[in-house]
Amino acid sequence: MGIAKMKLIDLTSNVKQLDEVLMRFIDIKGFHPVLASEIVERVHGLTSFVAENPCQPMLQEIEEIEKKYDLNLPDVEQREIDYNINEMYEYINETKQSLENEVSKIKEYEQHIQKYQNALISVKNIESLDIPLDDLFACEYIYIRFGRLPNDSVDKLSYFQNKPYVFKAFNFDDSYTWCMYFTTAEYKREVDNIFSSLFFERIYIPDFVHGTPKEAVSALEAEIQTAKKLIDQYKSDIYEISCGCTNQLACIKAELLFVNRLFEAKKYVVGLGDKFSISGFMPEPDVHKFTSAFEGLEDVEIEVNDPETDKRITTPTKLRNGWFSKPFGMFVEMYGVPNYHDIDPTPFVAITYSLLFGIMFGDLGQGLVLMLLGWLFWKYKKMALGAVGVRIGLSSALFGLLYGSFFGDEEILTPFYTNVLGLPGKPIHVMDGAFTMTLLISAIAIGALLIIIAMIMNIVTLFRKKDYVEMVLSHNGFAGLLMYGFIGAGAALQLGLQIPVFNGLTIALFVGIPLLAIFFKEPLERKFHHHKMFPNGFGGFFVEGFFELFEIVLSYVTNTMSFLRVGGFVLSHAGMMLVVMSLMDMFAGAGSIVVLIFGNLFVMALEGMIVGIQVLRLQFYEMFSRYYKGNGVAFNALNQ
C-alpha cells in the first residue's frame with residue numbers, strides 16, 4: 001500500500017542498432033519512459049530522434065476503408081524492420097481508388113434510377129393519352145411542364161388564378177403533389193417564374209423515351225431494370241476487390257502498427273554523437289523485466305539508480321492500494337496525483353469518506369441496495385464509482401443498524417435489539433430531541449479529530465521532505481497542531497468533565513507561543529536560509545502578517561464548524577424518511593407500497609448524491625488543503 005518505490009533506468013547503445021533496441025523496448029510492460037524533450041532542452045549538444053510519422057495517415061486510410069466497406073481485417077503478427085513505406089502507400093491508394101471508382105459508378109446509376117422513377121410517375125399520369133410524347137413536347141404554341149409541387153404550395157396557386165396557365169394535379173403523397181401545367185409561348189417565362197417561386201420541381205422526360213406514354217412507361221421500366229443490374233454488378237465488383245485485398249491490407253495494417261510503435265518510441269530517445277540513450281522509471285520489484293528484455297544484445301549498457309539521481313527528471317508516482325481503498329483513488333486523482341515523496345492519501349480518504357457517508361446516510365435497507373447497485377455497476381460496467389458504492393453502501397448499512405432504520409422504518413428492527421442483542425432498544429435515537437445537541441457536538445468532535453490527523457500527516461510529509469521550518473512553524477505544522485489540539489482537548493475536558501484547563505499560563509504556552517511562531521514563520525524561514533528577515537521593513541510585514549494570522553485563526557473555526565453538516569445531514573435524512581413514512585400511512589394496500597418504494601428511491605437518489613458531494617467537499621477543502629498538494633506526475637507506463 002502507498003506509493004511504489006521507483007528506480008531510474010538509463011539504457012545506452014549505438015545508433016546503428018537503434019531499431020533493434022526499440023523492437024524490444026516497445027514490448028516492455030510497466031516502464032515509464034521520459035520524453036527526450038525534457039532532457040534535450042536542458043542539456044546543450046543533445047539531439048532528439050523525433051521525426052514525422054508517415055504511418056498515422058496510412059492507418060487512418062485503412063481504418064476508413066474498413067468502416068466504409070465493412071471489411072473485417074484479420075489480426076496478423078508482423079514485425080519486419082525492412083519495411084517499404086512507399087509500396088504500402090501505393091497499395092492503399094490503389095485499393096481505395098478502385099473501391100471509390102465502383103462506388104461512384106453506383107451513385108451515378110442510383111441518380112439515374114431516381115430520375116427515371118420520377119419521370120415514370122409523370123408519364124404514368126398521362127398513360128391514357130394516345131399521343132406520341134415527341135409530338136406533345138414539339139408543340140409550337142403550347143409549352144408543357146411535368147413535375148411535383150409541395151403540398152402547402154398547391155393552395156397558394158389560387159392567388160395566381162387569373163394568370164394564363166392550366167394546372168392539373170394527378171396524385172399526391174405526404175410531401176408532394178405530382179402535377180403538370182401548360183401555358184402559351186408568350187407567357188412561358190412569367191408562368192415558369194410563378195411556379196418556381198412555389199418551389200415547383202420540374203421532372204424531365206429522358207431523351208431516349210419516345211412513342212406513346214404506354215411505350216414510354218415500358219422504356220423507362222426497362223432502363224431502371226438495366227441500371228439496377230449494373231448496380232448489382234458493381235457491388236459484386238466491390239465485394240471481389242474487398243476479398244482480394246483483405247489479407248494484404250491486414251498485413252500492411254499490422255506492419256504499419258508495428259512501425260508506428262517504433263516511430264512513437266523515438267520520442268523517448270536522446271542522441272549524443274553515435275550513441276543514444278533512453279531513460280525512465282520502473283517499480284523496484286520489476287526492474288529485472290527491463291534488464292532481461294535486452295539480454296543477448298551487444299553494446300547495450302543499462303544503469304539502475306535511485307530515482308533522485310537525475311535532478312532534471314521528476315520521479316512519477318504510482319499508487320499501490322489494497323482492495324478497500326483502491327477505488328477511492330479516483331477522488332485523489334481528481335485533486336491531483338501525490339508527489340513521489342508525499343504520503344498517499346488514498347487509504348485515509350477511503351476510511352474517512354466511507355465513515356462520513358455512512359454517518360450522514362445511515363439506513364440498513366438503503367445501504368444494502370446501494371451495495372447491490374454498486375456491485376452491479378462494477379461487475380458489468382467496470383465503473384470505479386460502482387466499487388465506491390459497495391464500500392459506502394456497507395458503511396451506510398452499518399450505521400443504519402445503529403440508528404435502527406430500515407428503509408425509513410424506525411421500529412422494525414426493535415425486536416432484533418431486544419430479543420437477539422438483549423438491548424432495551426436501538427443504540428442511537430436520531431429523531432430524539434434530546435439527542436440533537438449530542439449529535440452536533442459529536443459532528444464537530446469528529447471534524448476536529450480529522451483535522452488533527454490531517455495536520456499530523458502534513459508534519460510527516462514535511463519531515464520526509466526535510467522542510468523543517470514549515471514543519472515546525474506553519475499553521476498546519478507543529479505550531480498549529482499544538483494550538484488547535486490544545487483548544488480542542490481543553491474544550492472537551494472543560495465541557496465534558498468539568499476539568500479546568502484554560503488559564504493564563506496554559507493559554508500563553510499553548511496558544512500565544514504557537515500564534516507567534518505562525519506569525520513570524522516567514523522571517524524565521526528567511527533567517528534559516530541566511531536571508532534578511534524583513535526585506536521590505538517591519539511595518540509592512542506586520543500589517544500583512546496580522547491579516548494573514550487573522551485569516552488562519554478564522555480558517556480553524558470555519559473548517560471545524562463545516563463538519564456541522566455531518567450532523568445536519570443525519571437529521572435531514574431521517575426527516576425526509578419520516579415524511580415518506582407519513583405519506584405511506586395516508587394510503588392503504590398497494591398505494592402504501594408504491595409510496596414506500598418511490599419515496600425510498602427519491603431519497604436515495606437525491607440525498608445520496610448530495611451527501612456524496614458534501615463528503616467530497618469536506619475531503620478537499622477541510623482536509624486536503626492542510627496536508628496534500630497533488631502536484632506529482634502520474635506513472636504512465638508503456639503497454640499498461
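Tutor: The buried residues of helix α20 pack against α15, α17 (478-496), α18 (504-519), α19 (521-528), α21 (564-585) and α22, where contact means heavy atoms within 4.5 Å. The model is predicted, with local features requiring pLDDT of at least 70 and side-chain atom pairs counting only at pLDDT 80 or more, while totals for chains, interfaces and linings use all residues. Residues are numbered from 1 along each chain as its sequence is written, and side-chain values use heavy atoms, leaving out hydrogens and water.

Helix α20 covers residues 538-561; its 24 residues reach 34 Å from first C-alpha to last, close to the 34 Å expected at 1.5 Å a residue (the expected span is 1.5 Å times one less than the number of residues). Helices here are DSSP runs (H or I, at least four residues), numbered from the N terminus. The buried residues of α20 are Phe 541, Gly 545, Leu 549, Ile 552, Tyr 556, Asn 559 and Thr 560, buried meaning under 20% relative accessible area with a 1.4 Å probe, protein chains only.

Two of the partners, α15 (residues 436-464) and α22 (residues 590-627), also pack against each other, at an angle of about 20° and with axes 7 Å apart. Axes are lines fitted to C-alpha atoms over the stretch in contact, and angles run from 0 to 180 degrees between N-to-C directions. The two helices α15 and α22 are therefore roughly parallel, the term for angles under 35 degrees. In this pair, Leu 450, Ile 451, Ala 454, Met 455, Met 457 and Asn 458 of α15 meet Glu 622, Met 623, Arg 626 and Tyr 627 of α22.

Terms used:
Angles under 35 degrees count as roughly parallel, over 145 as roughly antiparallel, 65 to 115 as roughly perpendicular and the rest as oblique. Buried means under 20% relative accessible area, exposed over 50%, partly exposed in between (1.4 Å probe, protein chains only).
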